[in-house]
Each structure stands twice: as structure tokens, then as C-alpha cells.
Amino acid sequence: MKLEGFSSIVPLLAMLIVVALALAFSFVPRFRKCLALAGPVFYLRAFALMLLALACARPYTESRRESGSALLLMDISDSMEAPIAQLLLDRARQLESSNVPLDVMPFSAKAASAPVRLKSGQTFRQLQDSWNKLDIGATNLESGIEAALQQPPQSVILISDGRETRGDARRLVGALRSLGSRVYPLVPDDISAQHTDAFKVAKLYAPLVAPAQKSVEIRTTLKNAAETSLSGTLEIVHAGKVIASRAVTVPAGQEIVEVAESDPSAEGVQEITATLKPDNSAYPPSAESIFLSSQPREKVLLLSGNAEDSKFLKEGLENQSYQLKSFVGDLRAEKLPALEDFSSLVLNNISADQLPAAMLPAIEAYVRNGGGLVMLGGNRSFGLGNYKDTEVAKAIPVEMLPPETVKKRLNLAMSLVLDKSRSMADGEKLDYAKEAARETIRNLKSDDLVQVVGFDASPFVVVEMSQVGENRERAIDRVSRLFPAGQTNLLPAIDEARRSLVRANAGRKHMIILTDGKIPDEGPYYVELVKQLRLLGITVSTVLLGSGTDPGMLRTMADQGGGAFYQTNDPRSLPKIFLMDVKIGSGEQTLKEDLEYLVRQGTGEIVTTEIRTFPPVRGYVQTRPREGANLELVAFGLDRAEPLLASWGYGKGKSVAFTSDASGRWSNYWVAWPRFATFWSEVVDWVRKKDAIDANVRFDLRTTVAKSNLNLDLSIFSDKTPGSVRALLRLPSGEERSVGFTSISAGHYQSVVPGIMAGRYDLSVIADGVKLAPVAFSLPGSLFGERKGEGFDGALLSYLADASGGRINPQPADLRAQTYVQLERHDLTPWFVLVALLLILVEIVLRELQINLFSNPRLWRCA
């Protein structure tokens, strides 16, 4: 380490004077004797004082480093057309990828205090938005270059249109030369073509706020002031997603309006940018940006007993305007979010034993304090889920019965009797019949039973009567073993199916008979057999494939059997016919009300939904309505009506009980119902807490600028007129202000904000303590002197490049060839102080050993 010099000369001169005086006294005999007796103590102390004096002079060393880096000086003022600026920024990134390290220093009215690393994928608009505090309403190129000169010497890549509204960059040419910093402006290839705004995006409009999960119209006005028709590509981006990209043509001297739909999935305040890229390179691209706020989605917490319970309800709520958080299964060890973070809680066939013990009283307190609760039925809910006598039971509008409650459900035993005679080989009839059987098996419920009997001259049991859930895949595989052979003899096959159905333990029993020809031995005994089946509780449907046979007998069998008759000439329609008949056999399309539970209005008023007609249910958990509950719907069957949907208010909150399920086990009609998602959305919406002023209330905001003041004109369209309205406003500088509004008339408010600048403003309105949807808007630089469409000042940019030794649009080799010697100082002051302190410590130790000046009496006489 080599000592290069001192930063301050005064302490050094003082030290030299002290040393000179010490040397002068050393020639005096009396003091020479004292020095001899004091020994090393005197010299240690003197040397320590000398080091401290040198430390006060701030000694340093220097190191030299050659650098080939470059600084990107980026103009983010509002006069910069975003598409052109982005093109030039991408070109600068190409220089960086050529082993030229590149930092960016944004500037507009002011410059950033230090360069920052350009983030991967960061766009010009993002850079501009994050540095609004530099005041994009003005261009001060002189300020930008001056800030760049404060950095270590390096090449300066300049992206700017050169349209200064403040300062004069020419004044810094001498400083650039003296420091050896070269300026390399990046400009469009055809700089002369960038001076026209004849073909541009003239206006971009969208509503201030979009409803949650809903699209709104975005209207883009394109202007062509040229004398010829012009074409180009219009691209509209919302929240970083391209929502429209189309070719457009604007006639000469006219304007057109292009309409696009916003992205319904976008949330919060998001930017919309419309960019027009002309086909003719003589016209530069142009862009306009606005902000669209999407109303926040209601947060709903869904807790389900298992994945099968969750499937349909989760999908239905996610497709509505809800921000859904879903948990499934045993949640006792799960860290669940705080209930207060959600407007509604849905307990979907989940037992009390699957929840953390502390959650049960927390749910009751949540509803009592204003939350919303929906409890659905199932085999793990209400009394069956051990909720009886818990804290949750207090908040539910129905009384839970003990777990012995009978669950209402009817399963199905299905026998498929298929003709496999030789005639079924024609036209792939049997192949489609087998596919119909396989599709039927796939669509039966797990607790249903199925049998497949093939017949020609004699019956052949392909699939024994067994439960579908245990035998589904095996049954599907065995159906393929049917092959055509022999004559047609139906009677033994019906008798085989009858025996199996009689033994089956099922609530419904149904037989489908398929044949393609005349029954050779048809007669009255077929009708009598079907009547006997009907008395045994077995229904029969028949299917005739082809038109060459009189369908009379098959139609009569279906009529007497309580089923349906089908006839088709197209074997490809068999799977559809079978599935349709399965619905009849299982009760999904039957009009026999004693086989299902009809849903009717109860003794109360239907308030949780606008819907007034509902599908039947196949099962529910028995409960009793509590005193004060609103019994909205009942399940009606067997001359009894029991609660299906009940609601009430509990404390400050609301709760709803739905005693059937939403998994399709008891509610198969409901999950296939087109209004399933709408019903549950309305129920969840009814229980959620509602403030006097709805956070999603519609409002309108208009802004104007006058004498450096921002005028805010606010209209709130609410049934209840807010008495107190204020707002939090974040300025482009990052400053946050509390803004008070003055009431002009009912729902109409105004405010004035002084000291403004161009850029983005974020506003959050608070009406009677309720935060409305946050919004954002921009004040364009044109209000403060910036002008778009004037192109690049080629004369100024060329002058800066030539005067500093740079060039327009440099190549990577130009930057790599330019190296700068950078001197770095390393301060030695801490080392001098440390050594001085060590010497003083040694001197103290010696003094304690009685060998210093004050411990030797003889030395007093030398003074």
C-alpha cells in the first residue's frame, strides 16, 4: 500500500510545527536530560500524537481502474411516445447483451440521484410509472446530463427526443469534453419521419370502475388527418394481457372508434394501453393509456368434508364474482385464515370433528359480530356431523336432530337386456349397443347396481348384478364380450333380468330392453310378465332399432311397464337414448312425485334468492326450524314437508341452513340445473355483511386543472347520501395527502388539490367510513408544457454527439473501444487512528510499570 497524499493540509502543518518545536527543545541541555530519563514513554506518546495529527489530515491511497461501461440516460417525460421509446429501450438492451454493462438514469424535469439497474423485462411505461416523482410534465436534458457527469466517467447512451422545456444541454458540452464522456443518442432509423401525428390514437375511454369479474367496453378513437386512407394494427393491452389486436383502416380526414372488452379477470387498478402501429413507416406509432379499476371480489371461505363435496360448489362460486379460499378434509391441524378476513363462511358437509376445536366458538362469534354463515347438508353435517349442542348450533336457524336421523335417498338397480342375435351385426348395431351400455355404466352413481344380459336364442349374463362403485371398470370391460350370433328369443332374457332385480337391494328398479327385430313368439304373456314386473316395483323401457318391424308389442310393454318406448333407425343414437332413459329410471325426469322430494316454498318468505322454482332433491338431513327462523323452502314427500332452506339474522350477522347437499349425491338435479351457480351466489351474497354505504357503490370522478390546482368533482350514486366524504390521494411524487370534499348537493362533492404535476394519481374515496373501489388517473404532460408528436430534435442530439466525440445510434464496438481511467481513493484514516490508539495503550502499560516520567522522583529535578 502506497501513501498517495492527504485530503487536508492544515492538520499536517500543525503536526510539522509541533515536531519542529520538539526538535528545538531537544537541543536545550536541561530538556535533553529529561528525554534521556523518560526513555521510550516519551517517544511512544509523541509518535501516537503524530499519527493522530496525520489522521486529521485524512491520508489516502489511490487505485486506477479502466472501465468500458455505459450509462443509459433515459428521458421519461410525457413528450416521449411510448412505442418509440420502447423500441429504443429494446435497442439499448441489445447493447447491454453485447457485454457492455448498462445502468439506467431516468430524467424528466429532474434526474434520478443515482443510476439504477434496468430490471429484466421492464418496459418504458413501467419505468416511467415508477419514476413519476421526477415530474414527467417537463424535459430538462441539461439536468440529466449534469447528473450523469456526477457518476464515474463512462459512455452516455441517451434516449430522448431532445425537446427541452427547461434548461439548455449545450451548456454542458465543455464539461463532457473535459471529463472525456461521450454521448451516444439513440434515435429512430428514419428520424425525419417522426415529426407527424397525422395518424394516431386520438382518445382512449373506459369507465372509471368495472364490476367484479365483469367486462366493460373500451373505446379507442383513431384519427387520420392525412389526405389518403391509412391502415395499421391496433393493439389494446389490459393488465399486461393483449385483449385485442386487429387491422384497422381509417379514411382520409376522418376518425373511427374501435371497441374492445376489458379482461374480466383483472383485479384492482390496472393500466389499459392502446397502441397504433401504422403500416406506412412514414408515420410513427402512437399510444394512449388510461386506468381501469375493477371492484374487489368478495372473499368467501369454503370448508368441505372431502373433494367430492367441494367439486360443484367450488366451481360454481369461482365462476361468480367471489375470491374463494377453499380447504378440504380434516382441518384440525391446518392453519386456517382468520374468519374476519372473509365476508362469508360456507360449511359444506364438513363435520365438527374435522375442524379445530377453537374454531367452533369462533364461528359463532364471527356471525354474531356481523359475518355470514352458510351450512350445507350431507352425511357429515348438522346432527350427523356432531354439531348438536355446539356453539355453531346457536347461530343456525334450524334445530339439529341426533345423529340417528335417517338420510333420505333412493338408489337404482338397472338391468340392460340387449339383443345380440345375428341381425345385430348389420351396420355396427351391436357395437353402438355396447357403447350405449358402457356409457350407462359410466353415468350411474356409485351406490347404484347394474346388470347386463345379452340374448339370442338363449340369455347370456355378461355382467352380474353388482354395485357400480365396486365393479364399474370391470363391468365396462366385460360388455365388450358380446358378439352377434343365433336367433331372437327375448322371454328367457327378461326372466333372467327379473330374478336379479327382485333380489337387488335398491329403492328403484328398472329394465331397458333393446332389439332390432320382431319378437317371434310375441303374445299376451309378454304383457302379463311386464305387469308382474310392475307389481314387483320394476319399471320397463323398450328400444326398437330399425323400422322394418311393427313396434306395437314393444310400445305396449313400455306403457304397461311404466317406462318409455324409443325407436331409431340410427344406431349411433343409442348411447343418447340409454342415458335419457337412465334419467327416467332414476327419477331425474319422472313425474311420479312419490319417488323424489319436491321443493316448495315454506311458511316464510324467500329472501335469499330471486329464484322461485327449484328442482327436486333425492335426500336431505332432517331438522326442525327454530323459533324466529324464516323457513324459505321445504322438501315435500310422503305427505310430509321438512326444512330444506332456512335463514335468519343472528346478532349483527346472518346465517342460512340448506339441509340437502351440493355434491350431486342427493342433489343430482341441482348440480345439472343451469341456475345452480346463480342460486348459491345469491345465497352467499345474502348472508354477507352489508354496510350502510356499499363498498361497490357506483360513483363518477371528473378532474380538471386550473392554475396549478387539481379540481376533483365526485358524484356518488347511493340510496343513502353519505354525510362525510374524504379521500387519500397519492401524487406522482409519492406524497400522500388527505383530501376533504365539500358537499355541493345530494351525492355531489368537490375538492381542490394545490401543487400538482404531470403523472399518475391514485385516489381512494372513503364515504361514511367505507372505502370505495380505488381508482387512478393521469394528468398529461400537455397540461404543463410537454407536447407529443413533434418528433426528435435531430440538430440538438447530433450536436451533443459530435461535440463529445460520440455518434448517433452507436454499435457495440463503439462502446467497447471507449475505455475510461477511473481513480478510486481509499481512506487510511481509520488505520492511522488504530495504530495511534495501540501506541497509547502500550505507553499506559509502561507507565503502570513505574518507568514513566511521573513515577521517577529524580526526573522532577530536571524540570
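Tutor: The answer below begins with the basis of the model and then takes the charged pairs in turn. The model is predicted, so local features need pLDDT of at least 70 and side-chain atom pairs count only at pLDDT 80 or more, while totals for chains, interfaces and linings use all residues. Residues are numbered from 1 along each chain as its sequence is written, and side-chain values use heavy atoms, with hydrogens and water left out.

Side chains of opposite charge can pair when their charged atoms come close. Here a salt bridge is a side-chain nitrogen of Lys or Arg within 4 Å of a carboxyl oxygen of Asp or Glu. By this rule the model holds 33 salt bridges. For the covering of each partner, buried means under 20% relative accessible area, exposed means over 50%, and partly exposed lies in between (1.4 Å probe, protein chains only).

A second pair is formed by the side chains of arginine 702 and aspartate 700, at 2.8 Å from N to O. Arginine 702 counts as exposed because its relative accessibility is 54%. Aspartate 700, by its relative accessible area of 24%, is partly exposed.

Aspartate 768 forms a salt bridge with lysine 720, and their closest N and O atoms are 3.2 Å apart. Aspartate 768 lies in the loop between strand 38 (759–767) and strand 39 (770–771), and lysine 720 lies in the loop between strand 33 (709–717) and strand 34 (725–730), so the pair ties together parts that are 48 residues apart in sequence. Strands in this numbering are DSSP runs of E with at least two residues, and helices are runs of H or I with at least four, numbered from the N terminus. Aspartate 768 has a relative accessible area of 32% and is therefore partly exposed. Lysine 720, at 40% relative accessibility, is partly exposed as well.
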